[in-house]
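Please open the model in your viewer and keep the selection panel at hand.

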Amino acid sequence: MSDSIDINGAAAGLFEPRITAFVCNWCTYTGADLAGTSRLHMASNVRIIRLPCTGRIDPLFIIKAFERGADGVIVSGCHPADCHYTSGNYHARRRFAVFHDIMEFIGVDPRRMTFSWVSASEGAKWRDVVNEAVTNVRALGPFAAYRALAPEGAGRAAPAGPSAAAVPASAGAKAEAS
Amino acid sequence: MTHAAPTRETYFISDDDLRALTGELLGAGTEVIAPVAVDVCASPSAIASSACLRPGVKPIDIEYRALEGAAELDLSRGLPVLSLKQYFLPEYEALCGWREHGIEVEIDAVPTEFAPRVVLAAKPCDSAALAVVDKVMNWDYQDELWNGRREATTIVNMACPVIDESCFCTAVGTAPDDDKGADALLTPVEGGYLMEATTDKGRALVEAHAARFKAATDAGGAEQRGRQAAEERAAARVRVAANLEIDAASVRDWIDTHFEDPLLAALGVRCNGCGACSSVCPTCHCFDIVDEEEGIGKGTRRRCWDTCQAPTFTLHASGHNPRDSQNPRYRQRINHKFSVYPLKFGEVLCTGCGRCTRVCHAGQDLVEILQAIDVAARRPEVAAT
Amino acid sequence: MNELRELARTLLTDGTVRVIIGWEDARRGARPAFVTDPADADRLIFDTRCVHNLVTYLDPRRDNVAELGKIGLVVKGCDAKAIAGLLREAQLNRDDVVLIGVRCGGVLEENELPAAVPLTPENVAPRCYGCDNREPALVDHLLGEAQPEPPRPVTTIDERVAALDAKPLEERWAFWTEQFGKCVRCYACRQVCPLCVCERCVAEKTRPQWIEASAHPRGNMSWNITRALHLAGRCVDCGECERFCPVGIPLSLMNRKLQQIVGERYGYTVSDDPENAAPIGDYRLDDKQEFIK
């Protein structure tokens, strides 16, 4: 049992990471459901997105999750040889191997991305995957570096444009779009 | 060519005084945009370029940048990689933000007034381009963001010695020593520069820093300097005219009446449609508008640079694309710049900076193309052979 | 070169092809040539300035090239690998193109010169080092004399990739965000790549929009990762993407890293044998999965 994980980290003033999980319907989603109905204690930082198969998961989903504020992601599906669609997870395995390696080359900490095989009967494993992911990402802190890529002002060459304006932005007013 | 201004005072400013003036502007909190020599290999990412890892001469890029200190100002008169366009029409720019509250939408407007800033040592082709694009930006819609930045900016040109055989500013209605689109012109002379203020903004800049300038006639050696400046400027004009001489009006009219001519219709076969030419061009101004959702019910509407060379530029929602191959797309580029825009606005949508030709790695050569069209227009008997 | 011109003349005269796509000399150096008249065959050249991968002109979407008629395409070894890629992915019928292979000893990095110069460690294109296809096999004709190996460049691409790999994670992030920050989203990399032939690119999908269109760092990161990933196991290292990039992003480092990844994990090297299936889209039951819990 992993009751040693402090799932009330928020109460203790710890950073609570936001984790998006992309899971396959047949195995991991069902496994996560089992974890829930079994009333297993686990961190509550994970938002699950259900897909038919890990083979459907495009690396762009993960990139979009980071763009929108996720501090970490989990990708999980059926064990090899158990894919509901026979080979979806084999394709996913190659795709995510390459993605994982190139993201590390670009400078994204691989501990922000957790990949797992969790079957429909592995509720306990899902709990462990979640708790471990949350612990790891909490230790890494918010993925501020990715959010710092957010655009400000205008253009690379004129970053001081609108923000250096004499007239302040009319935020909050129902103004006509210029 | 040069435009006669009603009053055109000439001053002399020494090298040191020019740098001191830059320092004064920066010290007052004014943004100064100027050419900066960027040592490509000095950054920690020098590993990026294999050229940095070879012995010998290291690559230097010249870029227009907002100066952090007067010492950065590069006065070598090389051509910056990108034009001044990015400071008036940025690569991407927020037009407004939005937030949905149920059925209501709240719009966050963006400011259209900007803090005053100065561009120093601009290339005449880059400033002239701004004057050319002013026309379309004030045509059926007043583009407040463009106009706001234009109003806020005082531009001081630096007379250009001509970069290489791909320059052709004189062929398209400007010159290496023009002040079109700018407020003043610097011409290098012994010990410093002659400065001509040609607009109210230019005169205001001189007045605000009067201590740095002497009237050109007062400074010792004035006559010699004046002669030197005139000679250098005339020589530059001759040099660039040797690269290409066309009759822009004949070219315009020929294109207008020869839309299906094989010469025009087959120009795009080598072109990859990458649009690098559009991004480096000081007069290209087409933009795309995108709504980028950045959360639930909120986002930013942005415009960003687009290119008529992209396959999807004219793609309709129906799926039809009137320019669905690179030939019509490339023809469009030539047509728009050298015929449609001149007919509409009386200006060639090109200032002969040559960047498109230098950046095209597929070998598209605007000097070659314009030469061929000019021959077809003025000497059809030669073109036929 | 004469051999090439003679062959071009013959193929055009007897109607085997309607256009020869090769290289020619122009005001700013060598560039792609489209020769339809046998009398123009003498325009064709082949020297160390002939960097361009002409296979990009076989993109099925290039109507303006296809309408010229059957193509005779001049290819170096790296270019022939791109042909194999198109054949693997059923984007090309082998019979639709006549391939004229040229034996190649490497090309210049800086190729826009008025005349060819011999290759040295300082001027050779780094990607040529270690070339395994100097005598392309997938061709109908093979011309030229046997060429020596390209000189080893001052620093190889592998060395630069290794130097990046040796840096800590934060420095790599700083490096790549700086590089991708330069991107102006001209898509030159995509347009010129012979293997970027998707009818509709994911970057143009707007409902929903996965890759933000604006040239801000966040959108650029998404685009550049996607571009590289979509070429994993397919990229032939022709170097055109990097050469065309108007702002100088070192795409060859990303491409080479991906080649190393598929080589290390799946034992794959791209070749000009179309029967050799690409690694992504393929799988083995025992693929490495050390990163999966």
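Select chains B and C together: their contact takes 40 residues from chain C and 41 residues from chain B, where two residues count as in contact if their C-beta atoms, placed from the backbone, lie within 7 Å. On the chain C side, the elements that give two or more residues include strand 2 (29–35), helix 4 (157–166) and helix 8 (240–244) of chain C; helices (H or I, at least four residues) and strands (E, at least two) are DSSP runs, numbered from the N terminus. By class, the side of chain C that touches chain B has 20 nonpolar, eight polar and twelve charged residues, with Ala, Val, Leu, Ile, Met, Phe, Trp, Tyr, Cys and Pro counted as nonpolar, Asp, Glu, Lys and Arg as charged, and the others, Gly among them, as polar.

This is a predicted model, in which local features need pLDDT of at least 70 and side-chain atom pairs count only at pLDDT 80 or more, while totals for chains, interfaces and linings use all residues. Residues are numbered from 1 along each chain as its sequence is written, and chains are lettered from A and ligands numbered from 1 in the order in which they are written.

Next, show chain A beside chain C, where the contact takes 35 residues from chain C and 32 residues from chain A. Helix 5 (169–181), helix 7 (217–230) and helix 9 (251–266) of chain C each supply at least two residues of the side that touches chain A, and helix 7 of chain C gives the most, with eight residues.

Staying there, select helix 2 (residues 59–67) of chain A, whose buried residues are Pro59(A), Ile62(A), Ile63(A), Ala65(A), Phe66(A) and Glu67(A) (buried: 20 or more other C-beta atoms, placed from the backbone, within 10 Å of the residue's own). Their packing partners include strand 1 (19–24) and helix 3 (88–106) of chain A, together with helix 7 of chain C. Just after helix 2 of chain A, Gly69(A) takes a positive phi of about 115°.

Finally, move to chain B and select helix 6 (residues 248–257) and helix 11 (residues 366–378), which pack at an angle of about 80° with their axes 9 Å apart; axes are lines fitted to C-alpha atoms, for helices over the stretch in contact, and angles run from 0 to 180 degrees between N-to-C directions. That makes helix 6 of chain B roughly perpendicular to helix 11 of chain B, a term that covers 65 to 115 degrees. The residues of this contact divide into seven nonpolar, one polar and two charged.

Definitions and conventions. Parallel < 35°, antiparallel > 145°, perpendicular 65-115°, else oblique. Buried ≥ 20, exposed ≤ 12 C-beta atoms within 10 Å, placed from the backbone.
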